[in-house]
Amino acid sequence: MRTRVTDMFGIELPIFAFSHCRDVVAAVSRAGGMGVLGALYFTPEELEMELKWIDDHVDGRPYGVDVVMPASYEGADFAPEELVGRLQSMIPDGHRTFVENLLTRHGVPPLSSDADPGRVLLGWTDATARPQVEVALRHPIALLANALGPPPADVVDLAHSHGVKVAALASTPRHALKQVEVGVDVVVAQGTEAGGHTGEISTMVLIPQVVDAVDVPVLAAGGIGNGRQMAAGMALGAEGVWTGSLWLTVEEADTPEMAKRRILEATSRDTVRSRSWTGKPARLLRNEWTQAWESEESPGTLPMPLQFMLVSDALRRIGRSDVSELATFPAGQIIGITNQVRSTKDVVFGLLEEYAEALERLERITAD
């Protein structure tokens with residue numbers, strides 16, 4: 001297959017795979033696509049180790065790194081050394097009580113005294129994401145992606161000075177134009193079906209609007225999980241696909257077993273856009289956690305990054321206690337068709353086979 005993005009990155013397949021798991025990233029790149037490692041959950045030191053591992057296991061194939069540098073968030077003007085303390089002081093006691101009461105009702109025990117320190121901030125801010133960018137650019141990455149809003153122009157320039165292309169996700173044509181204004185090389189048009197932070201416009205509607213709005217290559221994202229959907233995205237003008245939730249259940253994924261089990265059992269109706277994870281709308285697995293935040297007793301969610309700081313320890317407690325009715329995580333509507341565990345290589349080849357079959361079906365229709 002040949003499109004502008006395959007030429008841009010020297011890859012065989014216009015399939016981009018976002019994953020927090022290095023094994024998945026390397027496997028997709030080795031299969032001819034491009035794996036993109038989500039850096040959000042890693043400290044700079046951990047990210048260094050993850051990328052070194054990928055360097056050693058990707059067989060010289062290109063790969064990317066995805067960071068989160070939101071255009072707006074609480075505490076953007078705080079000094080880095082006082083950021084966490086000042087943000088913590090902004091979380092109301094009533095919100096902390098609400099979370100604790102929710103955990104108590106479901107029998108979620110506290111963390112043990114010897115539990116590892118929690119990470120209340122992660123890379124949700126400019127100050128915490130820039131060190132991740134610095135680490136990423138010390139490695140032979142081909143792509144730096146920003147998952148939330150246009151990346152800062154100086155970061156785009158820095159990436160370009162290292163010979164690294166930049167991509168950014170957009171959920172409206174207006175967002176796509178902002179991305180191009182700061183110099184991004186690829187726009188990922190992400191429909192509302194996608195897992196994680198996402199907008200309100202469906203993929204089928206969004207892709208042609210973004211393609212018409214910008215002159216850089218566009219990747220179709222949001223609900224892309226088989227070859228027919230890939231063919232649809234390309235037919236709408238995209239030059240490749242950006243996939244995410246599809247990789248949560250592959251053999252190589254390090255998705256926790258409880259989460260993997262729930263994904264395999266879920267239907268496409270079992271997700272919901274909720275602010276209960278980060279304070280910004282994100283598609284999550286629907287359950288009693290997301291419902292609690294929409295209930296009458298909810299104090300309402302907090303703006304980014306305060307919401308994640310509020311709930312980060314609660315999510316760790318839920319995960320360690322195996323209380324499945326509260327376990328939530330980013331997941332797109334495509335989980336409705338991810339009902340078996342397959343190898344990453346098989347998923348890539350399955351996409352290609354289904355894509356070819358879709359094109360053959362259209363050719364038959366045209367011939368008739």
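A salt bridge is a side-chain nitrogen of Lys or Arg within 4 Å of a carboxyl oxygen of Asp or Glu. I applied this definition to a predicted model, in which local features need pLDDT of at least 70, side-chain atom pairs count only at pLDDT 80 or more, and totals for chains, interfaces and linings use all residues. Residues are numbered from 1 along each chain as its sequence is written, and side-chain values use heavy atoms, with hydrogens and water left out.

**Entry 1: salt bridges**

I found 12 salt bridges in the structure. I looked up Glu297 and recorded a salt bridge with Arg105, the closest N and O atoms being 3.4 Å apart. Glu297 lies in the loop between helix 12 (288-294) and helix 13 (306-321), and Arg105 in helix 5 (residues 93-105), so this pair ties together parts that are 192 residues apart in sequence. Helices (H or I, at least four residues) and strands (E, at least two) are DSSP runs, numbered from the N terminus.

Buried means under 20% relative accessible area, exposed over 50%, and partly exposed in between (1.4 Å probe, protein chains only).

**Entry 2: the barrel**

I traced a closed barrel of eight strands, in the order 1-2-3-4-5-6-8-9, with parallel pairing. The twist averages 25° from one strand to the next; axes are lines fitted to C-alpha atoms, for helices over the stretch in contact, and angles run from 0 to 180 degrees between N-to-C directions. Two strands pair if DSSP finds at least two bridges between them. Strand 5 (residues 165-170) and strand 6 (residues 186-190) run parallel and are joined by four bridges. I located Leu169 opposite Val188 in strand 6.

**Entry 3: Leu143**

I placed Leu143 in strand 4 (residues 143-146). Is Leu143 buried or exposed? Leu143 is buried, with a relative accessible area of 1%. Its contacts (heavy atoms within 4.5 Å) include Phe9, Met34, Val65, Val166 and Trp242.

**Entry 4: antiparallel pairs**

I recorded that strand 10 (residues 271-274) and strand 11 run antiparallel, joined by four bridges. Arg273 has Arg283 of strand 11 as its bridge partner. Strand 11 (residues 282-285) also pairs with strand 7 (residues 196-197) in the antiparallel sense, over two bridges. There, I noted Ala282 as the bridge partner of His197.

Conventions: Lists of a residue's contacts leave out its neighbours within four places in sequence.
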